[in-house]
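Here are my notes on this model, point by point. Please read them with the coordinates open.

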Amino acid sequence: MSEEMQRSDKHGSDESVGGEITVQLWSRRPVCGPRTTAIDQFTELAATGVIDEFDIQTWPEEIPVSQGSGHGEVLETVDRYEQWATERGLSLRPPFETRTSSLLVGGSTEVLRLPMIAVAVYADDELAGVYPCTDGETTWSVTDCIDALTTAPTGLPHQSES
C-alpha cells in the first residue's frame, strides 16, 4: 500500500509509519463462530487491497510460561506485543493474563491465558498496532481495528484523538 499511516495520538509519536500493511490474526482453537467473521472481514480487506497481506495463526487457551514449555514462539510474540503496548502507554491486559494454575499431580505453574482472538498490524514490517489493547480508559477491540481499516486505512483505532 503506498499510503502512509499517520501517528497523531497522545499515545505515540508524530512519526509517519510507512505503507505496506500486513495483518497477523491469532485465534484460539477451534476457529469458529465470531472468529470466522473476523477472518472473513480481513480476507475481504486483503482481496480489495486495503491490506497487503493477511496471515492466520492459532494458539491454545493457555500456555505454561516456563521456557521449556514448547511455546517459545508464542511467548516471544506476546512479549513483543506487550513491549509495543508499554512503549505507547497502552496495555494488553486483560485479555492477555498470567495466572497460577494448579497441576493435577500437585504443585502449580504459571500460565499465560491467551485471548480468543488478537490482531497485530504491521506497517512496512514494523509493529503498528495490537488489538485488543487499552489505555486504561478506552479499549480497542479487533472489531475496532477492522472498522478503522475499512473506513480509514491510513489510521488505527488507538491512534485517533479522543
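1. Is Ile-63 buried or exposed? Keep in mind that this is a predicted model. Ile-63 is buried, with a relative accessible area of 0%. The residue sits in strand β5. Leaving out residues up to four places away in sequence, Ile-63 touches His-71, Val-74, Leu-75, Glu-110, Val-111, Leu-112 and Leu-114. Arg-113 is 50 residues from Ile-63 along the chain, yet their C-alpha atoms are separated by 6.7 Å.

2. Next, the overall layout. The protein chain has three helices and eleven strands. In sequence order the pattern reads β-β-β-α-β-β-α-β-β-β-β-β-β-α. The chain counts 162 residues, and 44% of them are buried. Take the contacts between residues at least 6 apart in sequence: 62% of these join residues at least 24 apart.

3. Now helix α1. This helix spans residues 34-47, which gives it 14 residues. From first C-alpha to last, α1 reaches 20 Å, close to the 20 Å expected at 1.5 Å a residue. Which residues of α1 are buried? They are Arg-35, Ala-38, Ile-39, Phe-42 and Leu-45. These cover an arc of only 120° around the axis, so they lie on the same side of α1. Asp-40 and Ala-47, on the other side of α1, are exposed.

4. Helix α3 can be read in the same way. Its buried residues are Val-142, Cys-145, Ile-146, Ala-148 and Leu-149. They cover an arc of only 165° around the axis, which puts them on the same side of α3. The cover over the buried residues of α3 includes β3, α1 and β8. It also includes β9 (126-131) and β11 (139-140).

5. How many salt bridges does the structure hold? There are four. One of them joins the side chains of Arg-113 and Glu-61, at 2.5 Å from N to O. Arg-113 belongs to strand β7 (residues 108-113) and Glu-61 to the loop between β4 and β5 (62-64), so the pair ties together parts 52 residues apart in sequence. Arg-113 is partly exposed at 23% relative accessibility. Glu-61 is also partly exposed, with a relative accessible area of 41%.

6. Another salt bridge pairs Glu-82 with Arg-93, with the closest N and O atoms 2.6 Å apart. Here too the pair links distant parts of the chain: Glu-82 is in helix α2 (residues 72-87), and Arg-93 is in the loop between α2 and β6 (97-102), eleven residues apart. Glu-82 is buried, with a relative accessible area of 18%. Buried means under 20% here. Arg-93 is partly exposed, with a relative accessible area of 34%.

7. Consider also the salt bridge between the side chains of Arg-88 and Glu-87. The N to O distance is 3.4 Å. At 16% relative accessibility, Arg-88 counts as buried. Glu-87 is exposed, with a relative accessible area of 55%.

8. Last, a pocket. The second largest pocket has a volume of about 170 Å³. Which element gives the most to its lining? Helix α2 does, with six residues. The lining holds eleven residues in total. Val-65, Leu-75, Glu-76, Asp-79 and Leu-112 lie nearest the centre of the pocket. Leu-75 and Leu-112 from this lining are also among the residues that Ile-63 touches.

Technical notes: Residues are numbered from 1 along each chain as its sequence is written. This is a predicted model: local features need pLDDT of at least 70, side-chain atom pairs count only at pLDDT 80 or more; totals for chains, interfaces and linings use all residues. Side-chain values use heavy atoms; hydrogens and water are left out. Helices (H or I, at least four residues) and strands (E, at least two) are DSSP runs, numbered from the N terminus. The expected span of a helix is 1.5 Å times one less than its number of residues. Buried means under 20% relative accessible area, exposed over 50%, partly exposed in between (1.4 Å probe, protein chains only). The arc is that of the directions from the helix axis to the C-beta atoms. On a 1 Å grid over the protein atoms alone, a cavity is a set of points where a 1.4 Å probe fits but cannot get out, and a pocket is an open set with protein on both sides within 12 Å along at least five of seven lines; lining residues have an atom within 4 Å of a point. Grid points are joined across faces, edges and corners, and a volume is the space filled by probe spheres set on the points. Contact means heavy atoms within 4.5 Å.
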